[in-house]
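Hi,

Here is the structure I promised to pass on. Have a look at it first, and then read my notes below.

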Amino acid sequence: MHHHIQQLYNIATKPGRRVIGLMSGTSLDGLDVALCELTGAGLNTAIKVLQFTTVDYNADYKQRVKAVFSKREVDLQAITLLNPWIGIEHGRIINQCLAKWQLTVSDVDVIASHGQTIFHCPKRQHNLIDYGNATLQIGDGDHLAVTTGIITLSDFRQKHIAAGGEGAPLAVYGDYLLFSSEHENRIMLNIGGIANFTWLPKTRDAEAVFSTDIGPGNTIMDAFIQQHYPEQYFDADAKLAKAGVVSEPLLEALKQDDFFALGFPKTTGPEVFNLAYLAKAQQQSDTTSLNPADVMATLNRFSADMIISAIARTTAQLNNFVIYASGGGIHNPLLMSQIKAALPGVDIKTTADLGINPDAKEAVLFAVLANECLVGGKQQFSNAREGIPGVSMGKISFSD
Ligand SMILES: Nc1ncnc2c1ncn2[C@@H]1O[C@H](COP(=O)(O)OP(=O)(O)OP(=O)(O)O)[C@@H](O)[C@H]1O
Ligand SMILES: CC(=O)N[C@H]1[C@@H]2OC[C@@H](O2)[C@@H](O)[C@@H]1O[C@H](C)C(=O)O
């Protein structure tokens, strides 16, 4: 038997596993690294986050990825070069984290790597008859495994698509295992570049559970501030948005996209919600001369309103549910205060109340998916609701 197959068998049959979950999202701000201790599998999964850090990308890294990120036309050589380069960079970051945490390779069983999404394209977006849903994450797992010496699971989204999904959101597969409760109805709301949520009714009925993208998130706000104030990466503490006034005509134009009328689940990305989307809405609403503060105030309200209406749509029949928020958007005080104001009487907490640092939540998700791949099995969700196939996900790379 190949010694890594034996090693995998040993890892899968141990009572517990140490998994490094990695997430690099649409905001391109940095690599989230979560070292987790997992025991059990399926609904018996227990997790402890032993270490967590976000390693910020430097300007050079961001510039290289942005050259290809969510663009229809790119230099194919650049993608070919970036695929191993990101894998090696992420591997180096892990090696640095382990040194900082005074741990060695032998303290970690596997790495669970999301990679970097550079293009996400569900069928409804490209509308080409011969092609299905598609998504592309780069940062190859073999390079991570060789750079770190640790078995690496990566490229989780392809199986989801192969089995009928859109490749996202995968959050449901972890949220259901870690956070579903028979005591309360829960909305797990993640506000990253793109906002998404998982619905966890207290029946714990796998047929009713789902997760879906909502729309933006921070992505248009980030792109807008980077365009107008290149020294800023995001509207820190909503300073610019707070200085502006919402433009109702622009807000209405921003809300007109067909995506918002679709049922759940659905997915999207910065390929749709970007500066071109904003420019079109400004033209349609005759608001091209708005000052940057008013545009930012409107973008902030746009994200808040779409999050509020998606939650309202899901919980219309209920009088009792709790929102557990996560992702960088929870640090945006204006965004959060608008959501709170629109949902009076709803408890809005963060995943910290459930023992998971809200900035670590997506990295933790991939650690759970790796654990399921090794120890669990496929989860069966709804047959009625398309797009949530019962699958295990992740491809396995050995270091030699
Ligand atoms: N203090 C703050 N004020 C305002 N916004 C903030 C603050 N801190 C973080 N953010 C926002 O959070 C973003 C980062 O969020 P996060 O890391 O969750 O995104 P991501 O994981 O890259 O995205 P996704 O989940 O869509 O893949 C920043 O780009 C910024 O817009
Ligand atoms: C294709 C892709 O990378 N999608 C991300 C993105 O970031 C947020 C949202 O859009 C979500 O659908 C997904 O990530 C999370 C981790 C998910 O799959 O649940």
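Predicted model: local features only at pLDDT ≥ 70, side-chain atom pairs only at ≥ 80, totals over all residues.

Residues are numbered from 1 along each chain as its sequence is written, and chains are lettered from A and ligands numbered from 1 in the order in which they are written.

Ligand 1 has 22 residues around it, and G25, S27, G192, N218 and G328 come nearest (near means that the C-beta atom, placed from the backbone, lies within 6 Å). By class, that shell holds 13 polar, five charged and four nonpolar residues (Ala, Val, Leu, Ile, Met, Phe, Trp, Tyr, Cys and Pro count as nonpolar, Asp, Glu, Lys and Arg as charged, and the others, Gly among them, as polar). Domain 1 (3-170 + 360-397) and domain 2 (175-354) each supply at least three residues to the shell around ligand 1; the domain bounds come from an automatic or database domain assignment.

Ligand 2 is surrounded by 19 residues, the closest being T117, A168, P169, A171 and I194. Two or more residues of that shell come from each of β4 (110-121), β8 and α14 (361-374) (helices are DSSP runs of H or I with at least four residues, strands runs of E with at least two, numbered from the N terminus). The shell around ligand 2 splits into 11 polar, six nonpolar and two charged residues. Both domain 1 and domain 2 give residues to this shell, so ligand 2 lies between them.

β7 runs antiparallel to β8 (residues 194-200), with six bridges (strands pair if DSSP finds at least two bridges between them), and the two form a hairpin with two residues between them. β7 also runs parallel to β10 (residues 322-326), joined by five bridges. N190 has N196 as its bridge partner in β8 and stands opposite S326 in β10.

Last, helix α13 (residues 333-342) has L334, L335, Q338 and I339 buried.

Cheers

Technical notes
Buried ≥ 20, exposed ≤ 12 C-beta atoms within 10 Å, placed from the backbone.
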